[in-house]
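Welcome! Take a moment to look over the model below, and then we will walk through a few of its features together.

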Amino acid sequence: MLLSLALSLATQTAPLVVEVRGIAAPPAGNAELIAAGQMTYGARCQMCHGKDGNADTPVGRAMKPAPRKFSDAAWQAKVGDADIIRAISEGGAAIKKSPAMPAFKDLSPPAQMTPLVAFIRSLAAPTATVTVM
């Protein structure tokens, strides 16, 4: 079967795109931006949402409703950056979500919000796309 796949690939003229789960794709943005966001996340978000975005912390487990799981790829795909910024800056009650989510009005967009959103985006469940020529 492997030989058959190799022969098929060798004769293919168009690139073959393969999605591989379990290999982290590089997040959008650059490493410095994400690192800056990680600093803010650690100070403001990690207590409830968890280091890896799974909301599996003592505080997160105690909350009803549970905090958003930033590692949820389906949620990441359907929510826009502006929605994330609004939730952070205005709090959960303002967006008809949990009132336990505080408003962080002191975080200045874009200086602090852009890196924070980049880091939150980096927490999505890892998936990579590999192109074979």
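Let us begin with the largest pocket, which holds about 580 Å³ of space. Keep in mind that this is a predicted model. The pocket is lined by 27 residues, and those closest to its centre are H49, R68, A87, I95 and M101. Helix 3, helix 5 (73–78) and helix 6 (81–90) are the elements that each give two or more residues to this lining. Helix 6 gives the most, with four residues.

Next comes a meeting of two helices. The axes of helix 2 (residues 31–44) and helix 7 (residues 113–122) come within 7 Å and cross at roughly 95°. Angles of 65 to 115 degrees count as roughly perpendicular, and helix 2 and helix 7 are therefore roughly perpendicular to each other. On the helix 2 side, the contact is made by L33, I34, A36, G37, Q38, T40 and Y41, while helix 7 brings T114, P115, L116, A118, F119, I120 and S122.

Here is how the residues of the pocket lining and of the helix contact divide by class:

Finally, have a look at T57, which sits in the loop between helix 3 (46–49) and helix 4 (58–62). Is T57 buried or exposed? Its relative accessibility is 11%, so T57 counts as buried. Leaving aside residues up to four places away in sequence, T57 touches Q46, M47, C48 and G50.

How values were computed. Residues are numbered from 1 along each chain as its sequence is written. This is a predicted model: local features need pLDDT of at least 70, side-chain atom pairs count only at pLDDT 80 or more; totals for chains, interfaces and linings use all residues. Side-chain values use heavy atoms; hydrogens and water are left out. Axes are lines fitted to C-alpha atoms, for helices over the stretch in contact, and angles run from 0 to 180 degrees between N-to-C directions. Angles under 35 degrees count as roughly parallel, over 145 as roughly antiparallel, 65 to 115 as roughly perpendicular and the rest as oblique. Contact means heavy atoms within 4.5 Å. Buried means under 20% relative accessible area, exposed over 50%, partly exposed in between (1.4 Å probe, protein chains only). On a 1 Å grid over the protein atoms alone, a cavity is a set of points where a 1.4 Å probe fits but cannot get out, and a pocket is an open set with protein on both sides within 12 Å along at least five of seven lines; lining residues have an atom within 4 Å of a point. Grid points are joined across faces, edges and corners, and a volume is the space filled by probe spheres set on the points.
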